[in-house]
Amino acid sequence: MKKILLITNIITIVLFILVLTNSLYEYSILEWAVLITAVLNIFVFYKKNNKLLLLLFTVIAVIFNPFTYVSFSHDIKTVVEIASAVIYAYALI
């Protein structure tokens with residue numbers, strides 16, 4: 001559990017940095033990292049029976065899925081990235 005929380009903390013920091021720098025090279029790596037940690041969090045919150053975070057991380061996994069592209073405008077994409085980072089930070093509490 002502590003390893004998953006550490007990984008999600010790192011992903012949260014990377015999400016915030018990505019929003020600030022608007023770097024596209026790291027975005028493909030970030031998609032994989034967010035997908036993997038979102039799936040891990042889905043299992044953790046399923047076991048904890050936390051339906052809200054289970055649903056939120058499922059949505060994050062779908063949005064950041066590297067196999068399909070979910071298209072947003074730049075402004076909405078920034079809001080989604082910030083919201084995802086906030087959800088990751090909230091999950092650490």
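Residues are numbered from 1 along each chain as its sequence is written, and side-chain values use heavy atoms, with hydrogens and water left out. Because this is a predicted model, local features need pLDDT of at least 70 and side-chain atom pairs count only at pLDDT 80 or more, while totals for chains, interfaces and linings use all residues.

Let's start with helix α4, residues 74-92. By helix I mean a DSSP run of H or I with at least four residues, numbered from the N terminus. Helix α4 has 19 residues and reaches 27 Å from its first C-alpha to its last, close to the 27 Å expected at 1.5 Å a residue. That expected span is 1.5 Å times one less than the number of residues.

Which residues of α4 are buried? They are V80, E81, S84, A85, I87, Y88 and A91. Buried means under 20% relative accessible area, exposed means over 50%, and partly exposed is in between, using a 1.4 Å probe and protein chains only. Looking down the axis of α4, the buried residues fall within an arc of 160°, so they line one face of the helix. The arc is that of the directions from the helix axis to the C-beta atoms. On the other side of α4, D75 and V79 are exposed. Here is a handy thing to remember: an α-helix has 3.6 residues a turn, so residues three or four places apart point the same way.

Now turn to α3, which has 13 residues and reaches 18 Å from first C-alpha to last, close to the 18 Å expected at 1.5 Å a residue. Its buried residues are L53, F57, I60 and A61. Seen down the axis of α3, these fall within an arc of 100°, so they line one face of the helix. The face turned away from that buried side carries the exposed residues K51, L52, L55 and V62. V62 has a relative accessible area of 51%, and its C-alpha is 9.4 Å from that of A38, 24 residues apart along the chain.

Next, the core. A nonpolar core is a set of buried Ala, Val, Leu, Ile, Met, Phe, Trp, Tyr and Cys residues joined through side-chain atoms within 4.5 Å. In the largest one, of 20 residues, L15, V34, F57, I60, F64 and Y88 touch the most other members. The elements giving two or more residues to this core are α1 (2-21), α2 (25-47), α3 (51-63) and α4. Which helix gives the largest share? That is α2, with seven residues.

Let's zoom in on F64. Leaving aside neighbours within four places in sequence, F64 is in contact (heavy atoms within 4.5 Å) with L15, Y27, E31, V34, L35, V80, E81 and S84.

F64 also lines the largest cavity, along with Y27, E31, I63, Y69, V70, F72, K77, V80 and E81. On a 1 Å grid over the protein atoms alone, a cavity is a set of points where a 1.4 Å probe fits but cannot get out, and lining residues have an atom within 4 Å of a point. How many cavities of 30 Å³ or more does a search of the whole structure find? The search finds one. The largest cavity has a volume of about 90 Å³, meaning the space filled by probe spheres set on the points, which are joined across faces, edges and corners. Helix α4 gives the most to its lining, with three residues.

Finally, some single residues. T37 is in helix α2 and is buried, with a relative accessible area of 4%. Leaving aside neighbours within four places in sequence, T37 is in contact with I7, T8, I11 and Y88.

K47, also in α2, is exposed at 75% relative accessibility. Its C-alpha is separated by 27 Å from that of F67, 20 residues apart along the chain. In the loop between α2 and α3 we find N49, exposed at 58% relative accessibility. N49 has a positive phi of about 60° although it is not a glycine.

Note on methods:
On a 1 Å grid over the protein atoms alone, a cavity is a set of points where a 1.4 Å probe fits but cannot get out, and a pocket is an open set with protein on both sides within 12 Å along at least five of seven lines; lining residues have an atom within 4 Å of a point.
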